[in-house]
Amino acid sequence: MRGKCEFVAPCHFGLESVCKREITDLGYEIVQVEDGKVTFTGDMDALVRANIFLRTCQRVILKVGEFKATTFEELFQNIKNIPWEEYLPADARFWVTKATSVKSQLFSTSDIQSIAKKAMVERMKQHYHINWFEEDGQDYPVRISIYKDVVTVGLDTSGESLHKRGYRKMVSKAPIEETLAAGLIKLTPWRKDRILVDPFCGSGTFPIEAAMIGANIAPGMKRTFQAQQWENIVSPKIWQKGFEEAEDLVDLSVDMDIQGYDIDPQIVKAARENAKRAGVDGLIHFQQRPVHKLRHPKKYGFVITNPPYGERLEEKEDMPALYREIGEAFSHLDDWSEYVISAYEDAERYIGKKATKNRKIYNGMMKTYFYQFMGPKPPRKKK
């Protein structure tokens, strides 16, 4: 396969800087950072390593074309001009799995999908000299996004979204996505030698993601990816090398103090099971405990949590009391830093203190705020 390619890594709105840093840390060059996505360049190693190692992006898309189109005829011709035969074998099963359009003249996503498919078939007919494609080979899902009339066309190399790490079989009623949890942890100055507590741990996502970061466990090392089937594009040897690199980096000997509490004993049990599947059960202490019993004798710890926001009307009236309890619990944690993601508008008011910073983050379509109550830095350890 060709040398340098462009890849698009979609991420949660508000986490672009974290995603960019992760890609740079892997050694790849950033082309562009836009709302909810980071574009970078690399070879086929980049495709593999981005899928296995990136914690905060939703998927990795191999960009195959970009052009301007304001009519369906322009869309058709430009998609037909993409050298699909370089990506799709004659027996490929290919379709436009998702199309999005923002601030563009072409806005009917179902029409965009069907016209794109027709254009791809026309190109393939010309190249392979056949009129009918059985499509009984491997899947090649295509994604199209149109923003201000600029069309970006790509192949989805991940398949299932990258937040599906494979460890979370049991979820609580309002779970936070793994990619979002990892991104929020990375927005804080938490490091593996500092205490971390989540008093509303639910199915354990924050503690598990933190433990995986601390033990250097690649988020994708226990799952499969769509592009593993594309031997015409990515050699199986590159995948093998990527998974071996991930194995070599794991360090379970780290000494960490990570704790997850929840009021529901069944949920705590589920969190333990999830941690076990993620291979980090030995690094986290889960316990049934209500938030008002949140205490810790040590200083300079971190709380990172996703409390209920009262999305359902019947829960709304419980929110002031709950957030007061959170504020009360925080007041007993001397010199700690607390980070709370919530869609509840009056969070600061009832917690009883103003956040040092708050950051708008989209959790799916829901606008939430990441409230950051920064404590002092611990004194430097004497060498």
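Strands here are DSSP runs of E at least two residues long, numbered from the N terminus. With that in hand, welcome to a quick tour of a predicted model, in which local features need pLDDT of at least 70, side-chain atom pairs count only at pLDDT 80 or more, and totals for chains, interfaces and linings use all residues. Residues are numbered from 1 along each chain as its sequence is written, and side-chain values use heavy atoms, with hydrogens and water left out.

**The largest pocket**

- A pocket is an open set of points on a 1 Å grid over the protein atoms alone, with protein on both sides within 12 Å along at least five of seven lines; its lining residues have an atom within 4 Å of a point.
- The largest pocket has a volume of about 1100 Å³, where a volume is the space filled by probe spheres set on the points, and grid points are joined across faces, edges and corners.
- Its lining holds 32 residues, with Pro10, Phe13, Asp35, Gly36 and Thr100 nearest the centre.
- Strand β6 gives the largest share of this lining, 5 residues, while β1, β4, β5, β6 and β7 each supply at least two.
- By class, the lining of the largest pocket has 12 nonpolar, 11 polar and 9 charged residues; Ala, Val, Leu, Ile, Met, Phe, Trp, Tyr, Cys and Pro count as nonpolar, Asp, Glu, Lys and Arg as charged, and the others, Gly among them, as polar.

**The cavity**

- A cavity is a set of grid points where a 1.4 Å probe fits but cannot get out.
- Searching the whole structure turns up 1 cavity of 30 Å³ or more, and the largest cavity holds about 70 Å³ of space.
- Residues lining the largest cavity include Arg165, Tyr167, Met212 and Arg277, and the lining divides into 7 nonpolar, 1 polar and 3 charged.

- Strands pair if DSSP finds at least two bridges between them: β1 runs antiparallel to β3 over 6 bridges and antiparallel to β4 over 2 bridges.
- Val8 has Thr39 as its bridge partner in β3 and stands opposite Ile61 in β4.

**Lys63**

- Lys63 sits in strand β4 and is buried, with a relative accessible area of 18%.
- Contact means heavy atoms within 4.5 Å; beyond its neighbours within four places in sequence, Lys63 is in contact with residues including Val8, Thr39 and Thr152.

Key
Helices (H or I, at least four residues) and strands (E, at least two) are DSSP runs, numbered from the N terminus. Buried means under 20% relative accessible area, exposed over 50%, partly exposed in between (1.4 Å probe, protein chains only).
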